[in-house]
Amino acid sequence: MALSRKLVQQRSSVFGSRYMSWWRSVEPAPKDPILGVTEAFLADPSPDKVNVGVGAYRDDNGKPVVLECVREAERRIAGNLNMEYLPMGGSVKKVEETLKLAYGENSEHIKDKRIAAVQALSGTGACRLFADFQKRFRPESQIYIPVPTWANHHNIWRDAHVPQKTFRYYHPETKGLDFTGLVDDIKNAPNGSFFLLHACAHNPTGVDPSEEQWKEISKLIKEKGHFPFFDMAYQGFASGDPERDAKAIRIFLEDGHLIGIAQSYAKNMGLYGQRVGCLSMLCEDEKQAVAVKSQLQMLARPMYSNPPVHGALIVSTILGDQELKTLWLKEVKGMADRIIGMRTALRENLEKLGSPLSWEHITNQIGMFCYSGMTPEQVDRLTNEFHIYMTRNGRISMAGVTTGNVGYLANAIHEVTKST
Ligand code: LMR
């Protein structure tokens with residue numbers, strides 16, 4: 001029987017309102033500075049709109065790309081895949097192949113079983129797993145993060161409750177590396193600090209240390225007893241050659257560091273949504289590596305139990321087959337080369353328009369991004385007046401630049417920067 005109106009009112013007044021106020025104090029979260037740009041782009045009906053926000057590769061028609069090696073791997077996998085759980089540490093084969101990319105095909109450390117490694121939920125998941133490990137086993141430690149860095153690094157270590165410090169990295173005037181600042185900050189950090197380094201194609205600046213500078217950084221970090229943790233989200237995207245892009249890591253290995261590495265196949269295999277990556281930590285010996293790996297698995301278990309299987313199988317199928325691996329290497333180089341070509345085109349277009357500013361840094365920087373030097377207000381004008389979407393720190397995802405939109409983009413950049 002339906003409750004009378006009076007009875008409902010009485011009940012409401014007993015409980016205060018119809019619902020308990022569990023979430024009344026929850027405010028909407030701020031938009032993500034990178035992924036929020038994609039949301040705004042999708043909502044814009046303009047036919048002229050351009051998305052150079054998120055770091056996701058596009059072909060010269062602005063379309064997402066599935067690599068041919070990935071398509072072929074999927075054909076081979078189809079029908080042979082069962083849906084069982086992977087182990088907590090993920091696919092052993094995929095992890096083995098991933099370590100070879102970072103540590104080298106013939107790495108002594110792999111042979112000596114000194115590396116604790118688990119499949120992770122792409123680069124973000126690998127960083128987060130490491131941050132949680134750091135908090136659990138070195139609870140007093142801090143993490144030194146470059147200025148600037150990928151915005152999510154701050155969230156990751158914050159949510160793992162690791163206090164953050166920063167070190168100088170980028171010089172706004174030269175639009176290059178602040179090597180002196182970086183060296184001073186490494187020297188001045190308390191001995192035994194944790195340092196977050198981008199292994200190649202620094203995000204967001206596209207500025208990497210030279211080989212000589214990496215050697216110097218490695219030497220100083222060793223002298224100070226710091227722990228180097230590498231985020232390697234773009235292996236292959238800097239030079240077009242994954243082996244060359246592992247140079248910084250190889251220098252640190254030669255110098256006898258114990259290191260940690262977050263690897264991702266989002267960019268270099270285009271497996272963005274598959275969330276396939278790897279966290280590895282080089283340990284003193286096999287016994288330590290076994291212990292560290294078991295603890296990494298202990299962290300994964302209550303968070304997500306075990307990682308997804310499909311992407312891992314794609315990766316192990318490609319890297320475990322010489323023909324597919326060769327095709328992959330060719331395709332990575334193709335993506336990197338297209339981006340390098342767009343850097344030249346953007347710079348040339350700006351110069352042709354008679355821009356009074358220097359745009360040399362567009363071609364000096366490498367990887368997926370160009371750190372343009374534009375101010376947040378100039379970026380706002382690009383968005384509001386020209387429907388060009390990018391992060392407010394002035395980062396342009398060169399992967400979204402195409403033969404078709406480079407002229408439009410250059411013209412808009414010129415319009416908002418010419419009077420500065
Ligand atoms: C980026 O920096 O645009 C990418 O790494 C995507 C992301 O998750 O932020």
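Is Lys 111 buried or exposed? I looked it up: Lys 111 counts as exposed, because its relative accessibility is 54%. My cut-offs are under 20% relative accessible area for buried and over 50% for exposed, with partly exposed in between (1.4 Å probe, protein chains only).

Notes on the source. I am working from a predicted model, where local features need pLDDT of at least 70, side-chain atom pairs count only at pLDDT 80 or more, and totals for chains, interfaces and linings use all residues. Residues are numbered from 1 along each chain as its sequence is written, and side-chain values use heavy atoms, with hydrogens and water left out.

Salt bridges. I took a salt bridge as a side-chain nitrogen of Lys or Arg within 4 Å of a carboxyl oxygen of Asp or Glu. The count by this rule is 24.

Lys 111 pairs with Glu 108 at 4.0 Å, N to O. Both sit in helix H5 (residues 108-111), three residues apart, about one turn of the helix. I took helices as DSSP runs (H or I, at least four residues), numbered from the N terminus. Glu 108 is partly exposed, with a relative accessible area of 48%.

Next I checked helix H14 (residues 322-352), where Asp 337 and Lys 333 lie four residues apart. Their salt bridge is 2.8 Å, N to O. Asp 337 is partly exposed at 35% relative accessibility, and Lys 333 is partly exposed at 40%.

In helix H3 (residues 68-77), Arg 75 and Glu 72 are three residues apart, so about one helical turn separates them. Their side chains form a salt bridge of 3.0 Å, N to O. I also found both in a salt-bridge network with Glu 68, Arg 76, Asp 321 and Glu 323.

Helix H16. Which residues of H16 (residues 376-386) are buried? I noted Gln 378, Val 379, Leu 382, Thr 383 and Phe 386. They lie on the same side of H16 because they cover an arc of only 140° around the axis. The arc is that of the directions from the helix axis to the C-beta atoms. Glu 377 and Asn 384 are exposed on the other side of H16.

Cys 127. I found this residue in helix H6 (residues 122-137). Cys 127 counts as buried, because its relative accessibility is 0%. Gly 260 is 133 residues away from Cys 127 in sequence, and their C-alpha atoms are 9.5 Å apart in space.

Met 20. I placed Met 20 in the loop between helix H1 (5-15) and helix H2 (35-43). Met 20 counts as exposed, at 51% relative accessibility.

Methods. Helix = DSSP H or I, 4+ residues; strand = E, 2+ residues; numbered from the N terminus.
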